[in-house]
Amino acid sequence: MTEIKKIKDEYEIEEVNCLERPVAMVLNSYCPIYRNLYLFHEKMNRCYNLHFYDDIGYKDKISMKRAQIILEHELGILMHSVVKRDEMHQLIIEQLKNNNPVIVPGNLKEIYYSKFYNKENWKHSFLLHGYNLDNKLYFIYDSVQCENEKEMCKFCIPQKTLEQGYESYCNNFYEDGIYFIESNEVDRNPDYRKMILNGLQLFVNNRKKQPYFEIDLIQHFLQKENPSGEELLQLFEINNYKKVFLSEMRNLLAYLEVEGEVVEKLVACNQELLAEWRKVESKIAYYIQKANKFELEKLLEKTLEKENLLLNQIKEILDKVQNEQEDIKQKTIKDPVIFVNNEQNIIKQKPNDQYMFHFDTNKIYNNWFEDQAPKIVLPQNLTDFDEFQFCTSIKIESYVEWANFMVGVYIKDENGNTYLYGNNSMRCVCFEYTGIKGNMYEESVFDTEFQIEVRYRNRKLQLIYTDFNDASKEIRIREVDLESRIYQMGIACKTWGSPNKLTIAVSNIDLIEKDEPNGSSREFIKDI
């Protein structure tokens, strides 16, 4: 791990606690989807009774043990825990030297900048990412020193203070280890689609006969005499976990490119479900105190209907995604591309396998904040290809001078990052990291007809832009490093500023994959 990536956490402390936040931050630094998957599984298993997790008593385990289980079983990541109270500093420094992030549990009663200092025992953990031996300091990420405790910021802590906090934690709560992940063992480019589908299938197919943890608690409290307010609080905490679970489910569906009406329907269902549980909380507590099982069952009828609605919608989404995958596998040379963002029929196929972008509406089609740019994309998932070439010919047939548009090759990696390389408004050739950095590379150009070639090998790009009528006029970007493997490629055209008429022809789309042991090539799409 070269660095810990700071994130702006949207969750409150009662939703994602101070032991879970450092784990999520480390995972985000390896690959953002690891964080989404960790929170999805962690909170799902705090709300629902699922086979395996419920069988091993997942809900009863401490936060860090739960994290270890999720990381190993769902993400394929080992988080080690070592108890060496007498040699804690040697252990920490050895791991930091090996570029491994370290998480140390601590009692905030011993931490001088905490509001609990010298007052109250309080569980916490610190994310360590560096050290200064001369000054006996650790460099950490922590939220306690921040006004907004949702945000983890850089800070430093004396070795002695951390040691006192760790010792107090072990003495006052339970003996716990120091946690670390060996960075060189983490796959930075996971098969995220498979992981997401496995998670959704777990929710749908691995439910126990009685899947709701709320019902378990209600039945438990009904058997007790006068359960305390603190005990009943466990019941109300579940809705906080459910909020995170549903939010992360939406994030994961975005990776699968599930959009439109089906997502709007799911989001509405999620909001209604959370609101329904909140609505009945106080009445549940009242009927538990009265031991009125009949009224409780009646009260929960509508809430459980909402739960079933959520389950059915996830089933529908799973079927949709799996059917789309099957459709892509079955696509033939007669139907070699997919149109995206083409509701207004901006893109049309012409004779001789030519595609036309024709903009003539009172609308702009930008891709910066929300991707509305029309695209022609190849149906193949390219993540298994270590090396390939992608070529196409483009002609700007008509445009309005000083109009803002960009047409070129569209690239999407498996982390969801997108890039565009091509002609910017008949003024320059540029390469943009969409939504992050525009014009990463830029060079003036004025030709209306050109060819683009993208050469890809092991997450590195070489980009070549050539004048169609004069091959000596060539612009090369020697090497661009991507964060992860290419997932999808195609041709995109975006517009911004004000709407203008624009017509562009695209032809000769060619993908050549080089993956044979002898170095031979295999053409997937030839001269469409």
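**Notes on a predicted model: sheet, helices, hairpins and cysteines**

1. Let's start with helix α4. Seven of its ten residues are buried, so α4 is largely enclosed by the rest of the structure. Keep in mind as you read on that this is a predicted model. The buried residues of α4 are Met88, His89, Leu91, Ile92, Ile93, Gln95 and Leu96.

2. Once you have followed α4 to its end, look for asparagine 99, which comes after the helix and has a positive phi, near 65°.

3. Now for the sheet itself. Six strands make up an open sheet, ordered β2-β7-β3-β4-β5-β6, with antiparallel pairing. The edges are taken by β2 (79-82) and β6 (153-158); each has a single partner strand, so one side of each is left without a neighbour in the sheet. On average, neighbouring strands here are turned by 35° against each other, direction ignored.

4. Strand β3 (residues 102-107) pairs with β4 in the antiparallel sense, over six bridges. If you want a landmark, find valine 104, which stands opposite phenylalanine 126 in β4. Helix α4 (residues 88-97) packs on this sheet and touches β2, β3, β4, β5 and β7, its direction making about 60° with that of β4. Helix α1 (residues 20-30) lies across β2, β3, β4, β5 (137-142) and β7 (178-181), and runs at about 45° to β4.

5. Next, zoom in on one residue of β4. Histidine 124 belongs to this strand, which spans residues 123-132. Is histidine 124 buried or exposed? Its relative accessible area is 2%, and buried means under 20%, so histidine 124 is buried. Its side chain makes a polar contact of 2.6 Å with the side chain of aspartate 142. Leaving aside residues up to four places away in sequence, histidine 124 touches several others, including Cys18, Val104, Asp142 and Tyr169.

6. Cysteine 156 is in no disulfide either, and its nearest cysteine sulfur, that of cysteine 146, is 13 Å away. As for accessibility, cysteine 18 counts as buried at 12%, while cysteine 156 counts as partly exposed at 30%.

7. Strand β18 (residues 449-457) runs antiparallel to β19, joined to it by eight bridges, and valine 454 stands opposite leucine 463 in β19. These two strands form a hairpin with two residues between them, and asparagine 458 in the turn has a positive phi of about 50°. On from there, β19 pairs with strand β20 (residues 470-481) in the antiparallel sense over seven bridges. β19 and β20 form a hairpin as well, with two residues between them, and aspartate 467 stands opposite aspartate 470 in β20. Why can β19 be called largely enclosed by the rest of the structure? Because seven of the eight residues of β19 (residues 460-467) are buried.

Definitions and conventions:
Residues numbered from 1 in each chain as written. Predicted model: local features only at pLDDT ≥ 70, side-chain atom pairs only at ≥ 80, totals over all residues. Heavy atoms only, no water. Helix = DSSP H or I, 4+ residues; strand = E, 2+ residues; numbered from the N terminus. Buried < 20%, exposed > 50% of the residue type's maximum accessible area, 1.4 Å probe, protein only. Polar contact = N/O pair within 3.5 Å; in protein donor to acceptor, adjacent residues only side chain to side chain. Contact = heavy atoms within 4.5 Å. Pairing = 2+ DSSP bridges. Disulfide = S-S within 2.5 Å. Axes fitted to C-alpha atoms, helices over the stretch in contact; angles between N-to-C directions.
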